[in-house]
Amino acid sequence: MSAIEDRERAPSGDPVAAWIDPALQGDAAAMRSLLAALAPVVMRAARRLLGRGHPDVDDVAQQALVGVIERLPGFRGESSLGHFAERIAVYRALTARRDARFRQRLAVEAADADVDDGKSPDSPFAIAASRARLALLREALDAVSPPQAEALALHFLFDRTIAEIATMTDSAEETVRSRLRLGKQALRTKIEKDGRFRALREGVVENTVAPPAGKEEEP
């Protein structure tokens with residue numbers, strides 16, 4: 001019986017998924033191709049959660065790739081392999097933010113990323129406001145539980161739908177909705193206690209849908 005049948009992995013049109021079985025069977029070239037394809041995904045997630053200038057972005061991205069390898073035998077193909085890797089990277093980045101060693105070194109970067117989506121740049125004020133909201137959201141995620149932070153990050157930073165998050169996290173859609181609702185309530189509490197976070201009210205807390213891709217800072 002093949003590795004695919006052992007895992008009961010769903011058929012996938014994702015070309016990257018074709019490298020899974022050869023990689024798990026010891027094909028070094030397939031593993032290199034797999035990791036090369038996923039490296040930009042995990043790096044993007046690490047940068048978005050931590051900031052481009054954070055000193056541990058590379059380490060977190062590497063940890064995420066290790067996590068992908070460790071969990072690859074259990075990948076069932078219910079989501080794309082990119083979403084699978086993205087979720088692992090988000091988890092690793094959120095964990096890093098909660099680690100005291102990382103927190104001591106964390107600094108809000110005034111310009112930790114550039115807007116580069118192939119479109120005309122926004123005004124300097126709009127770019128600065130977007131960066132400020134993103135930096136505050138990163139910090140605010142530390143105030144909620146890990147499952148809530150993960151759901152909020154995937155929804156608002158990566159524009160994933162509730163259905164996609166449910167698949168990525170192996171959770172019921174109602175569970176995802178509950179995590180988003182409770183997470184937003186926690187953010188409201190933080191906003192009330194710290195005036196710096198009022199900038200998030202219109203950008204995140206009072207909205208139920210993330211801004212379209214390309215409309216916010218792209219790390």
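Reader: Axes here are lines fitted to C-alpha atoms, for helices over the stretch in contact, and angles run from 0 to 180 degrees between N-to-C directions. Which helices have axes that come within 8 Å?

Author: Helix H3 (residues 28–50) and helix H5 (residues 81–98) do, crossing at roughly 40 degrees. Helices are DSSP runs of H or I, at least four residues, and strands are runs of E, at least two, numbered from the N terminus. This is a predicted model, where local features need pLDDT of at least 70, side-chain atom pairs count only at pLDDT 80 or more, and totals for chains, interfaces and linings use all residues. Residues are numbered from 1 along each chain as its sequence is written, and side-chain values use heavy atoms, without hydrogens and water.

Reader: Left-handed or right-handed crossing?

Author: H3 and H5 cross right-handed. That is, the near helix is turned clockwise from the far one by less than a right angle.

Reader: Which residues in H3 meet H5?

Author: Leu 34, Leu 38, Val 41 and Arg 44 are among them. On the H5 side, the partners include Gly 82, Ala 85, Glu 86 and Arg 97. Contact means heavy atoms within 4.5 Å.

Reader: New topic: loops. Where does Asp 159 lie?

Author: In the loop between helix H8 (146–157) and helix H9 (162–169). Its phi is positive, near 60 degrees, and Asp 159 is not a glycine. Asp 159 has 30% relative accessibility, so it counts as partly exposed. Buried is under 20% relative accessible area, exposed over 50%, partly exposed in between (1.4 Å probe, protein chains only).

Reader: And Asp 170, buried or exposed?

Author: Exposed, with a relative accessible area of 59%. Asp 170 sits in the loop between H9 and helix H10 (173–193). Asp 170 also has a positive phi, about 55 degrees, without being a glycine.

Reader: Zoom out. How many helices and strands in the protein chain?

Author: There are 11 helices and zero strands.

Reader: How much of the protein chain is buried?

Author: Buried residues are 42% of the 219.

Reader: What share of contacts joins residues at least 24 apart?

Author: Among contacts between residues at least 6 apart in sequence, 66% do.
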